[in-house]
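Let's take a friendly walk through a protein, one piece at a time. Have a look at the sequence and the structure below, and then read on.

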Amino acid sequence: MPDSLLFINATQLVTCAGPPRARRGKEMSDIGNLKNAAVAVSDGRISMIGAASDLKNAYGDAEIVDCNGGVLMPGLVDSHTHAVFGKARFEEHEQRAAGLDYMAIAERGGGVHASVRDFRARAEKELYALALPRLRELASYGTTTLEIKSGYGLTTADELKALAVIGRLGERQPLRIVPTWLGAHEIPHEYRSDEMRRATFVDALIDEQLPKVVEQGIARFADVFCEPGVFTTDETRRILEAARKAGLGLKLHADELKPSGGAQLAVSLGAISADHLAAVSKQGIDALAKSDTVATLLPGTMLFLGKSKQGPARELIDAGAAVALASDFNPGTSPTVNFPLIMTLGVSQLRMSLAEAVIACTVNGAAALGLAGEIGQVAPGFSADLALFSIDDIRELPYWYGARLCVGSWKAGAPCHPHEIVTKLNARPPEVVPAG
Ligand SMILES: [Zn+2]
């Protein structure tokens, strides 16, 4: 990799520049769209933004990256995924369409327990090999940072195996990976018979599994699936207080299907994010708006499950909360690798503005991972995590929904997705000259 790179010929440079923290409320409307600006990168960091002619003088030795008239912006930050799993669960898609509910699908051997059985049976090497092409696909749509949770193991050995795979992915492929321990994803079958067994499982998470995770230094955050029928708010609080004490940052799966006070719990624990929130209460919205906890919405999940309900992005932003969008990439409820498609859903289903959706997938995603001082904006001093799209106007990114528009991405100046030249979907047709 050369010491310096110079990105030139971008029609628009979307910087998202501003304070190195989550943007809330009206702050989410400013994306800093510059016309015809060039970006210089030195030693993996953004060093200068300005006119190409000025930068060419200052960086004579730099390798030139010709953006070919595309839109250059911060690499997308996907702050909520379950990207390390074994087999896919496509059978359940049409079972749901046929009217089977979660319980009926579980009785036929499906659901999250199917992923758990499958995960436990696979070796670390195999799980790594399965994840690698999936991460390559994620990168090809413009994602440069990916949070990945454990949670399909549900035994100490299998959760450590999951985090080891996530760690190896972080070392050996180009995406920036943030590991989260989600040992409390579900109560395994073998602990569901009675309350005593259930308590034994929660105790073991706190007394046995958490210390091993912390000792090995393989997770940055702890997360709990707080939802009626899964972990109660009391159990969630116990697990996350222990995790906080052990030095991990906190995240929560909160208020996805029923409001149970998950959002308020996230705020009271000082969690960095509360995720899902499709069923969050008015009190939950108010609590989030007054806090530094990022409200992370996962519209792909609700769409794929065929639900008409979505997270209340409009109410959250209008109340002054910081909203992030994420893919929730997982084999059961959101098997998409296309992060710009989530941005489309942000606009069309969650009624966010283009600017709000862009901030939600960059700066606020970074804030939801504690990385708002490092990535998520194109500004001097920040890591050169960039994505280039073959469009003339940033508004086209959520517009051509489902299309792969990313033609290059970089993490700290190193390629994530190879730079390619592709014809634009909005290529201008020849001028029509009126006859006569
Ligand atoms: Zn999740």
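Two strands are said to pair if DSSP finds at least two bridges between them. Helices (H or I, at least four residues) and strands (E, at least two) are DSSP runs, numbered from the N terminus. The model you see is predicted, and local features need pLDDT of at least 70, side-chain atom pairs count only at pLDDT 80 or more, while totals for chains, interfaces and linings use all residues. Residues are numbered from 1 along each chain as its sequence is written, and side-chain values use heavy atoms, with hydrogens and water left out.

Start with the sheet. Eight strands form an open sheet with parallel pairing, in the order β8-β9-β10-β11-β12-β13-β14-β15. Because β8 and β15 (323-325) stand at the edges with a single partner strand each, one side of each is left without a neighbour in the sheet. On average, neighbouring strands here are turned by 25° against each other, direction ignored; such angles run from 0 to 180 degrees between N-to-C directions, and the axes are lines fitted to C-alpha atoms, for helices over the stretch in contact.

Now zoom in on one pair of strands. β12 and β13 (residues 273-276) pair in the parallel sense over 4 bridges, and Leu252 stands opposite Ala274 in β13. Helix α8 (residues 233-245) lies across β10 (176-184), β11 (221-226) and β12, running at about 175° to β11; contact means heavy atoms within 4.5 Å.

Which residues hold the zinc ion? Its protein donors are His80 (NE2), His82 (NE2) and His253 (NE2), 2.0 to 2.2 Å away from the ion. Donors are N, O and S atoms within 2.8 Å of the metal (3.2 Å for Na, K and Ca), and water is not among the atoms, so sites may look incomplete. His80 lies in the loop between β8 (76-78) and α2 (91-97) and His253 in strand β12 (residues 249-254), so this pair ties together parts that are 173 residues apart in sequence. His80 counts as buried at 0% relative accessibility, and His253 is buried too, at 1%. Buried means under 20% relative accessible area, exposed over 50%, and partly exposed in between (1.4 Å probe, protein chains only).

Helix α14 (residues 354-361) is largely enclosed by the rest of the structure, because 8 of its 8 residues are buried. Among them are Leu354, Glu356 and Cys361.
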